Amino acid sequence: MLHFADSLTFSGRKVVAAWAALPLPALSGSSLPDVLSAHQDVPWKLLSSWKEQKVSSCFAQSVVLRGICQEKGTRSPLHSCESPEQVLQLYLHTQFPGALSTPHVLQQPCHTQPPFPQFFSPLLTRRGFLLDRAQGFSSAGVESTPVLAALQSCPGLLWLLSGLCWELRPRRWGSSCAAGLEQDDVQEALEELKTLAQCYETGFGADGSEDEADSD
């Protein structure tokens, strides 16, 4: 996972955010272009721990979609794509223009038999697709589901890292120093965290020249 995250980070960035739509909202029998076209905004939810719940831009991302079939058609630009990966790539380009996006599409859904947590809505079929109304069977009967997930290097991580800086403010140093850490070491770690947070500001120098200029 560390090497995977490294492949998505550059210009001094080291952290990525995790997102997932589990299940990906889709009607049974829908094609991949139909499913994606139904969502003007990416339907995934943030799994990382910061309050921002919507990101409209990112620097780089790796996205995996599972369990939705590709069908050809002519109703939209997405239907004209030759492969599922092209469909997802075009959708991501529309949602995040200019971002480096790597799409992966797998036919197999995510299997959700026990001991997978059975937290699903009764509006899902056993294959994880949406129903028009709830059925009589228990949500524990969901055996698999389509999923859309991503690791993303995005400007929103500025708020996560800035929040950590706030938690490490000086009045909290007492317990750290009591545990054997020197105050200078804590201060150095805090400064490094602030520098890392600044790397996620929109418009930060792509080649790191700002850091080099400061060091000179």
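The model is predicted. The chain has 216 residues, of which 39% count as buried. Its secondary structure comes to seven helices and seven strands. Along the sequence, these elements follow the pattern α-β-α-β-β-α-β-β-β-β-α-α-α-α.

Aromatic side chains were examined next. A pair of aromatic rings is described by the distance of the centres and the angle of the planes. A search of the whole structure finds six aromatic pairs. One of them joins phenylalanine 59 and tyrosine 200. The ring centres of phenylalanine 59 and tyrosine 200 are 6.4 Å apart, and the planes stand at 55°.

Phenylalanine 116 has a relative accessibility of 24% and so counts as partly exposed. Phenylalanine 120 is buried, with a relative accessible area of 5%. Elsewhere, ring pairs link Trp19, Trp44 and Phe96 into a cluster.

Charged side chains gave the following picture. Two salt bridges are found in a search of the whole structure. In one, arginine 127 pairs with glutamate 143, and the closest N and O atoms are 3.6 Å apart. Both arginine 127 and glutamate 143 lie in the loop between β5 (110-111) and β6 (144-145), so the pair ties together parts that are 16 residues apart in sequence. Arginine 127 is partly exposed, with a relative accessible area of 48%. Glutamate 143 is also partly exposed, at 30% relative accessibility.

The other salt bridge joins the side chains of glutamate 191 and lysine 194, at 4.0 Å from N to O. Glutamate 191 and lysine 194 both lie in helix α6. They are three residues apart, about one turn of the helix. Glutamate 191 is partly exposed, with a relative accessible area of 36%. Lysine 194 is partly exposed too, with a relative accessible area of 36%.

A patch of negative charge was found on the surface. Glu182, Asp184, Asp185, Glu188 and Glu192 gather there. Of these residues, glutamate 192 is found in helix α6 (residues 183-198).

Two further contacts bring together residues separated in sequence. Valine 64 is found in strand β3. Valine 64 counts as partly exposed, because its relative accessibility is 28%. The C-alpha atoms of valine 64 and threonine 102 are 8.6 Å apart in space, while the two residues are 38 residues apart in sequence. Glycine 67 is found in the loop between β3 and α3 (84-95). Glycine 67 counts as buried, because its relative accessibility is 12%. Glycine 67 and glutamine 108 are 41 residues apart along the chain, yet their C-alpha atoms are separated by 5.0 Å.

How values were computed. Residues numbered from 1 in each chain as written. Predicted model: local features only at pLDDT ≥ 70, side-chain atom pairs only at ≥ 80, totals over all residues. Heavy atoms only, no water. Patch = residues over 30% accessible without salt bridge, like charges linked within 9 Å, V, L, I, M, F, W, Y side chains within 5 Å. Areas by Shrake-Rupley, 256 points an atom, 1.4 Å probe, with all protein chains shown as cover. Lys, Arg positive; Asp, Glu negative; His and termini not counted. Charge placed at Lys NZ, Arg CZ, Asp CG, Glu CD. Helix = DSSP H or I, 4+ residues; strand = E, 2+ residues; numbered from the N terminus. Phe/Tyr/Trp six-rings, centres within 6.5 Å; stacked < 30°, edge-to-face > 60°. Buried < 20%, exposed > 50% of the residue type's maximum accessible area, 1.4 Å probe, protein only.
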